Amino acid sequence: MKCFSRYLPYLFRPPSTILSSTCHTEADIISTVEFNSSGELLATGDKGGRVVVFQREQESKSQPQRRGEYNVYSTFQSHEPEFDYLKSLEIEEKINKIKWLPQQNAAYFLLSTNDKTVKLWKISERDKRPEGYNLKDEDGRIRNPSTITSLRVPVLQPMDLMVEATARRVFSNAHTYHINSISVNSDLQTYISTDDLRVNLWNLEITDRSFNIVDIKPANMEELTEVITSAEFHPQQCHTFAYSSSKGSIRLCDMRQAALCDKHCKYFEEPEDPSTRSFFSEIISSISDVKFSHNGRYLMTRDYLTVKVWDLQMENKPLETYQVHDYLRGKLCSLYENDCIFDKFECVWNGSDSVIMTGSYNNFFRMFDRNTKRDVTLEASRENSKPRAILKPRKVCVGGKRRKDEISVDSLDFSKKILHTTWHPHENIIAVAATNNLYIFQDKVN
Amino acid sequence: MAGADGDDSLYPIAVLIDELRNEDVQLRLNSIKKLSTIALALGVERTRTELLPFLTDTIYDEDEVLLALAEQLGNFTMLVGGPEYVHCLLPPLESLATVEETVVRDKAVESLRKISQEHSPVDLEVHFEPLVKRLASGDWFTSRTSACGLFSVCYPRVSSTVKAEIRQHFRTLCSDDTPMVRRAAASKLGEFAKVLELDYVKSDIISLFTALASDEQDSVRLLAVEACVSIATLLPQEDLETLVMPTLRQAAEDKSWRVRYMVADKFSELQKAVGPEITKNDLVPAFQNLLKDCEAEVRAAAANKVKEFCENLPEDSREQIIMTHILPCVKELVSDTNQHVKSALASVIMGLSTILGKDNTIEHLLPLFLAQLKDECPEVRLNIISNLDCVNEVIGIRQLSQSLLPAIVELAEDAKWRVRLAIIEYMPLLAGQLGVEFFDEKLNTLCMAWLIDHVYAIREAATCNLMKLVEKFGAEWAQNTIVPKVLGMANDPNYLHRMTTLFCINALSEACGQDITTKQMLPVVLKMSNDQVANVRFNVAKSLQKIGPVLDSNALQSEVKPVLEKLATDTDMDVKYFAQEAISGTAAAKQIIFGILHLTALILPPNPEWTTTHLYSLGMFQVELVLVDQYKAVLGVHSLHHLTVQEGALQPRQAQAV
């Protein structure tokens, strides 16, 4: 197994269990996955509008190797299917994004959103319960009021730990189009929600109004050539945010300059190579995800075939470009026919911004080491998820001769796609959502 | 309800205590609001040992319950045994000061500040100050933000060693990792500075202020502007230049528009705080820059302050500063590209005329007013019109009337009904300024035209406007100019217009008085009782009920009663209903007037509001006040408790039957 460390400094070992639901219904398909800022909690959202929160097991001295197991902490229904009667539109309950808020007291807070409504959830623990009524006895029977001769004040008694999720705020009625991303500002006071044409700025405490800071809707919708695909706040500079577009460009906006951010302050775009131009060029250049690096120096974008890293100081071309699955370039026609070409893959940084990860088809996901320029393809599947085993790298062969252990492009399963992944903020633990399964892999424990 | 054995006074308290944990939030809320009753019943000892420990742990509840609890605890000192035991209230308030909901936390802090005053100096050091320290060094920023609001209340009353600790804690919070805490510290900086010794203000506060004012977070920097006002008032004039002004100058030119907006928004306060000399040298250019800012929000905020800023300029150089520095900027703003900026300016620009006097107003301001009266944005025109009284005092409104009239006419015919509504509301004001002749000549037709507007809200406002005009110009004017036109509409083919006649009569009868109502309006109303549209007929019944109190009893008996009786047999259900309502209503009105006032008051529920609404429904405005007095007399006889019991039992209909 030594040879794999050639590719990456990390060896991923799956945990003893795969967190997945037993029945395979559409509602169980995981639609987003996100670690909180300490990495102790991991949340997933699914097409059925549910949010499942996992908590990392506390380290125990007797079994140090068990450190890292994530167990279900809380499950709740975040969104319900709705119907917009004015527009005769169904509003899906599918959770599009989850974002954790930094912890502010003993409770945890997260924002979850479907196509139209963002909700702020509080997840809190309760381990005490009041006991003792005046008008009821211990068994709950009503007491005769005439027998009351003294007053009883309830007393709090310990009880089994109960985890409650309560919707603290509902931010609704601000989006005409589908919300594709939400992002919390570093001032911890505001966040943005983004749909196809607009970016709205909210105060986390105010639900009845938001400010529209970007609006790219043309007066005549027939002139529409570009939509917003994703947006994110800078991790440290409270006034900077970036949004990506379906044309493959990224705009950086400075909220200090003006109240409305229709004018960007930086515009990142790579000039198109005329030699590779084809019918699909525009579709595959559409950016499906944009992420600032933790240190705030870089932007990472994912389009259909590549991941690019941009330096905020260089607008004309990306610093690094990584091919995710270049072998699909020849198959774009069939991917267009089965709609796969419109899949929205996300991308993530590791804690130190040195490795990036993104998904592919056939339950494969890719990692790129920015320092060593090594890359690896791994597979999330039940078959090779034996406890304490090490994930074997996979290889897809392009040419005619297929070596042992290689998979031919034609045998890739395009229904098994890994769109959503997340990386623990400080450690080498990753969570990978493969349809209705969540795989949590961990760096090898020595 | 309680039996012979039990103590029947305990039962309601037992219910209240149990409902502290009821599943229904409303019931829990009710119980919390009556917490003092519970505490009173339990006595000080049990309140301290049982109730407060229980409340300390009930932080799981809904925000509104926690908010009520935090508020209650601020008034609990006597219920725990007086100032000697007031520290018992600290634990529950401490736990409330750490919840995530800002309003609850703020209320808990407010209550803590309140009870801090009830601590003896010793208790303050033994109990209160340690709590502040605990909060200030808490793990979560919710507790640290709460701590920021408590320093200033304990600082003046503790020993100098503790004072030094408090200053240290505040300093730490000003450089906290989370912006939430820095914001809380920045917003309390001014308040804390006020209780500090001047030396420490200069040594400690200024450095904190400078640091917060150059924080990386916009939201922190903008709060430092507010602190600037209080700090500047504390410092002697000679120190301002070195200690405060560099920071203020920097804030006025901050990269972030939000910070500059804050400077513009607080400009009058800043101006007062730094005094006339610095205003002349520094603030005038700063204000000019804000008026020319590249962000419209900032310009609008600054434009809003133009009048106040000019008013507060030192008198010796006021006119010169305005004419040479401010007015040129104002002139540019009149043709600003952003309508919010223009309308902000329009709402204050008229105020400049009193400051500049007649000649300058005519020469320099009048062209601006006229330009704004012709602005494309209706809000700008409306704001000018709504402030006409300021100019009237200085140059007289005639100067403006040439341009005023077209502006009014245009607004009156605006396609947006909200704009039309807004101008109607200014009509009484305009009429007062322009005088009756000008009004009759130019505006009367407009007022009448609104009566047949196709939007109901406009017709309604127009009737109300007529009433106000009559109140202003008198009944005689009404009889000559308005009443004939209103009554003429009774024959309009459109039933909506015919109804407008009735609505006008409702509104005007009182202002016009008995004579006009009986002789001119009543015949028209009575005639309309034969209208073919049922809506008109039942509005006749309603009108008769409304104008009943104005009419003399003779007319009521001989003319109104027969018509109402006829309407009461109408084929239409609604007409019947309103006719019957009117009959019982006018009957009650009559009887009250005939002197059984006291009897009615006796059986009316003991709630003056209810009485008032009820009487309004009877159409008896003028007896309302008498009745409230009667009601007070009744209260003197009966105990409050007794009357409360009656409240539910009495239905409005029983009152009408008198």
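**The pocket and its surroundings**

Reply: In the lining of the second largest pocket, the largest share, 4 residues, is contributed by strand 3 (residues 30–35) of chain A. Strands (E, at least two residues) and helices (H or I, at least four) are DSSP runs numbered from the N terminus. This is a predicted model, in which local features need pLDDT of at least 70, side-chain atom pairs count only at pLDDT 80 or more, and totals for chains, interfaces and linings use all residues, while side-chain values rest on heavy atoms, with hydrogens and water left out. Residues are numbered from 1 along each chain as its sequence is written, and chains are lettered from A and ligands numbered from 1 in the order in which they are written.

A pocket is found on a 1 Å grid over the protein atoms alone, as an open set of points where a 1.4 Å probe fits, with protein on both sides within 12 Å along at least five of seven lines, and its lining residues have an atom within 4 Å of a point. Grid points are joined across faces, edges and corners, and the volume is the space filled by probe spheres set on the points. On these terms the second largest pocket has a volume of about 1,400 Å³. It is lined by 44 residues, of which S37(A), W100(A), P102(A), P235(A) and H294(A) are the closest to its centre. The lining divides into 17 nonpolar, 16 polar and 11 charged residues, where Ala, Val, Leu, Ile, Met, Phe, Trp, Tyr, Cys and Pro count as nonpolar, Asp, Glu, Lys and Arg as charged, and the others, Gly among them, as polar.

Chain A, to which strand 3 belongs, has 2 helices and 33 strands. Its pLDDT, the predictor's confidence in each residue on a scale from 0 to 100, averages 87, and 90% of the residues score at least 70. Over residues 1–11 of chain A, however, the pLDDT is below 50, although this stretch has 27 contacts in the model beyond near neighbours in sequence, a contact meaning heavy atoms within 4.5 Å. Of the 446 residues of chain A, 54% count as buried, that is, under 20% relative accessible area, with exposed meaning over 50% and partly exposed in between (1.4 Å probe, protein chains only). Among contacts in chain A between residues at least 6 apart in sequence, 54% join residues at least 24 apart.

Several loops of chain A deserve attention. D339(A), in the loop between helix 2 (332–337) and strand 25 (347–349), has a positive phi near 70° in a residue other than glycine. D353(A) also has a positive phi, near 65°, and is placed in the loop between strand 25 and strand 26 (355–359); it counts as buried because its relative accessible area is 4%. K416(A), by contrast, is partly exposed, at 39%, in the loop between strand 30 (406–408) and strand 31 (420–423). Leaving aside neighbours within four places in sequence, K416(A) is in contact with S360(A), Y361(A), N362(A) and N363(A), whereas K404(A), 12 residues away in sequence, is 22 Å from it, C-alpha to C-alpha.

Chain B has 37 helices and 0 strands, and buried residues make up 55% of its 658 residues. Helix 21 (residues 339–348) of chain B is mostly covered, with 7 of its 10 residues buried. Those buried residues, K342(B) and L345(B) among them, pack against helix 18 (296–304), helix 19 (306–311), helix 20 (318–334), helix 22 (352–373) and helix 23 (378–386) of chain B. V563(B), in helix 32 (residues 553–567), counts as buried at 14% relative accessibility, and touches L526(B), S529(B) and L544(B), not counting residues up to four places away in sequence.

Aromatic rings of Phe, Tyr and Trp (its six-membered ring) pair if their centres lie within 6.5 Å, with planes under 30 degrees apart counted as stacked, over 60 as edge-to-face and the rest as tilted. The count comes to 36 aromatic pairs over all chains. F473(B) and W477(B) form an edge-to-face pair, 4.8 Å centre to centre with 70° between the planes, and W477(B) is buried, at 9% relative accessible area. In chain A, ring pairs link F279(A), F280(A), Y336(A) and F342(A) into a cluster.
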